[in-house]
Amino acid sequence: MRVHTEAADQRGIAMTAEHGRSAAAADGSAGGIAIRSVCKRYDGASRLAVDSVDLDVSPGEFMVLVGPSGCGKTTLLRMIAGLEAVTGGEIHIAGRDVTHVPEKDRDIAMVFQNYALYPHLNVEDNIGFGLRVRRVAKAERRRRVREVASTLGLDELLARKPAALSGGQRQRVAMGRAIIREPVAFLMDEPLSNLDAQLRADMRVQIRLLHERLGVTTVYVTHDQVEAMTLGDRVAVMRDGVLQQVDTAERLYARPRNTFVASFIGQPRINLMAGRLERGVLRAGSLTLPLPQARALGDRDVVFGVRPANMHVATGEEDISYRGTIELVERLGDATLLFVPGPASSADPVEAIESAARLCVKVEAGRRFEAGEQVGLAIDAGGVLLFDPDSGQELNGEADVREPALITPAEQA
Amino acid sequence: MSSRRRWKTLLALVITLAYLFPVYWMVATSLKLPGDVQAVPPKWAPVPATTSSFSSVWHNPVVGEALRNSVVISLGVMVLTLLLAAPATYAIGRVRMRGSSSAVMLLLIAQLLPSIVLAAPLFVILRKLHLTNTLTGLILADTTLTLPFAVIILRPLIMSVPAELEDAARLDGCGGLGVLMRVMVPIVRPGLISTAAFSFLLGWGEFVFGLTINNDPSVQPATVALQSFIGQFGTAWGSLMAVATIISIPVALVFAIFQRWIVSGLTAGSVR
């Protein structure tokens with residue numbers, strides 16, 4: 001019964017969001033966020049939790065901070081919020097230096113992972129709390145709470161205490177508490193990670209629709225790369241406190257700047273292997289792939305990455321780069337994943353690269369494969385990413401590997 | 001199985017009766033005729049009963065004054081404890097600072113010291129402040145006993161409140177005091193109620209400080225006045241027991257009303 005109601009509620013939001021979209025685009029009140037060389041060192045810690053991060057969030061942009069746990073993304077978000085003091089650097093919100101402004105005067109609203117609803121207040125008072133603290137008159141407060149509640153499909157629940165709400169409902173109350181303040185920016189700290197998978201996917205859509213309607217600058221922290229890719233106008237990938245790359249989802253996928261971004265973004269994970277380039281031919285154990293566009297890099301050791309979707313099981317003898325025996329087949333319905341032991345390269349300097357042991361190939365579900373079957377794999381040369389084996393940095397330079405014509409001898413330098 | 005249960009019930013009953021017997025004897029004695037109080041063999045029940053002891057102490061100005069003092073002292077201790085305990089516990093439990101755990105340890109030790117040990121130094125301090133022989137002085141002295149207890153009750157409650165709630169309140173525009181009053185206090189209200197009940201009862205029943213710090217009978221609490229009746233009334237056990245019964249009534253009432261919170265306050269930290 002509850003599930004049914006919830007689904008109905010969500011349709012409610014979707015419709016309202018759709019309806020209001022045109023009105024919102026005109027609203028230009030949103031402000032950008034500028035982060036300048038921001039550092040954070042916790043008391044007694046030897047290394048920086050956030051290491052001189054520079055990041056610009058445009059007005060109205062949806063920026064996602066993503067990275068494994070402990071990468072500093074939440075710390076960075078909390079510094080933007082003012083809940084954490086910065087060790088160095090500056091933070092500007094809507095053109096104002098707020099580095100040393102207390103959290104309550106930054107005009108931002110935050111949605112927390114555990115929702116942080118006030119347990120002693122009902123839904124109406126939870127949503128209206130910020131207005132009450134700021135001494136907004138009762139009638140006005142009531143009007144705005146109703147408005148926000150109807151946007152989020154919470155009208156029926158205003159009298160309930162948080163303990164009597166489902167996870168999805170609590171999440172929406174937390175959103176409502178942020179929205180009602182009409183802040184310069186929303187900060188969201190893994191707001192969906194406490195929901196089950198189905199609801200998470202639904203709420204993801206709701207959040208994106210809400211963003212399109214309200215147009216408020218948003219910084220969203222997640223460790224889930226699917227959430228990051230689908231929600232963000234741009235995605236900032238962090239690791240060990242250092243910003244790795246800030247880009248659109250497409251560019252992060254197609255042009256990762258280093259092996260970390262390459263393996264963090266993309267599902268299933270990219271196959272990273274150690275190999276050697278010689279006269280435009282890439283070799284790794286028994287794997288051989290002509291890579292004419294990489295001739296400019298000369299002869300050298302590399303780490304190369306191939307996305308599972310950039311390989312297929314060859315039908316003709318001529319384009320086979322690698323042969324192996326299928327170890328495991330995962331059927332996803334619309335596609336099938338084949339796992340094949342990777343090319344054991346004798347000169348493997350990067351043993352740390354876990355995915356090298358087994359290649360993952362994503363093929364269409366049409367043809368049926370079985371474990372134990374011998375297959376020849378063809379690799380789309382345009383989709384091969386090359387990295388320096390020591391630094392992990394991308395070797396393709398600024399040129400797009402998909403357009404080999406763009407690589408000129410000048411770029412060797 | 002069922003006979004074992006019966007034995008257990010019987011044992012529990014015997015223990016309860018053993019504990020309650022003095023209380024019964026107090027009430028019974030207060031209702032006996034003067035001649036029956038020390039009868040041999042003892043009269044188990046106050047038959048015939050009389051309220052003459054009650055009416056005599058009720059019209060005794062010393063008793064009235066002592067009871068008024070006790071009411072002022074216990075309410076004062078309760079209010080002062082609540083005013084100090086909430087922010088103090090919040091600071092100890094939440095604000096990250098050096099030595100907060102050793103502060104709690106010290107409080108615990110202070111709480112375990114017999115109050116007679118503290119009475120002499122407190123007397124010296126309060127005399128320097130010209131607060132001996134005042135109700136204010138006694139309220140301060142009693143609060144040194146209730147405050148550690150309050151901190152021990154409230155600390156686990158405050159620490160169990162997620163830090164994000166405070167972050168949320170700050171972003172919603174609260175300052176430090178706003179977070180405490182609008183979020184913390186309402187959430188730990190059950191703990192505050194049990195703290196209030198405890199400190200009231202402690203102030204009501206306190207004897208040692210009342211005796212040592214205030215030697216002027218006009219500012220002594222009922223517990224001390226009770227003791228002074230032993231000399232004053234000689235063998236008038238009936239009056240003594242009547243006063244004792246009157247003193248017991250608020251204790252029973254407070255406990256009956258706040259039982260739920262007192263028990264939950266005591267167990268809150270451990271069960272979580």
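A:P341 has A:R358, in strand 19 of chain A, as its bridge partner. Helices (H or I, at least four residues) and strands (E, at least two) are DSSP runs, numbered from the N terminus. Two strands pair if DSSP finds at least two bridges between them.

This is a predicted model, in which local features need pLDDT of at least 70 and side-chain atom pairs count only at pLDDT 80 or more, while totals for chains, interfaces and linings use all residues. Residues are numbered from 1 along each chain as its sequence is written, and chains are lettered from A and ligands numbered from 1 in the order in which they are written.

**The sheet in chain A**

The bridge between A:P341 and A:R358 belongs to an open sheet of three strands in chain A, with the order 17-18-19 and antiparallel pairing. Strand 17 and strand 19 of chain A are the edge strands; each has a single partner strand, so one side of each has no neighbour in the sheet. From one strand to the next, the twist averages 20° (axes are lines fitted to C-alpha atoms, for helices over the stretch in contact, and angles run from 0 to 180 degrees between N-to-C directions). Strands of a sheet pair through backbone hydrogen bonds, either parallel or antiparallel.

The two pairings are listed here.

Strands 17 and 18 of chain A form a hairpin with three residues between them, and A:G333 in the turn has a positive phi of about 100°.

**Confidence in chain A**

The pLDDT is the predictor's confidence in each residue, from 0 to 100. Chain A averages a pLDDT of 84, and 85% of its residues score at least 70. Residues 345–355 of chain A stay under 50, and the model gives them 21 contacts beyond four places in sequence. Residues 398–413 of chain A are also below 50, with 18 contacts beyond near neighbours in sequence. Where pLDDT is low, the predicted coordinates should not be read in detail.

**Where the chains touch**

Two residues are in contact if their C-beta atoms, placed from the backbone, lie within 7 Å. By this rule, 17 residues of chain A are in contact with 15 residues of chain B. On the side of chain A that touches chain B, strand 6 (108–111) and helix 3 (123–133) each supply at least two residues.

**Chain B**

Chain B has 12 helices and zero strands. Its C-alpha atoms fill a box of roughly 75 × 65 × 30 Å along the principal axes. A residue is buried if 20 or more other C-beta atoms lie within 10 Å of its own, exposed if 12 or fewer, and partly exposed in between, with C-beta atoms placed from the backbone. Of the 272 residues in chain B, 35% are buried. Among contacts in chain B between residues at least 6 apart in sequence, 77% join residues at least 24 apart.

B:S2 lies in helix 1 (residues 2–31) of chain B. B:S2 counts as exposed because it has 6 C-beta neighbours inside 10 Å. From B:S2 to B:L131 the C-alpha distance is 61 Å, and the two are 129 residues apart in sequence.
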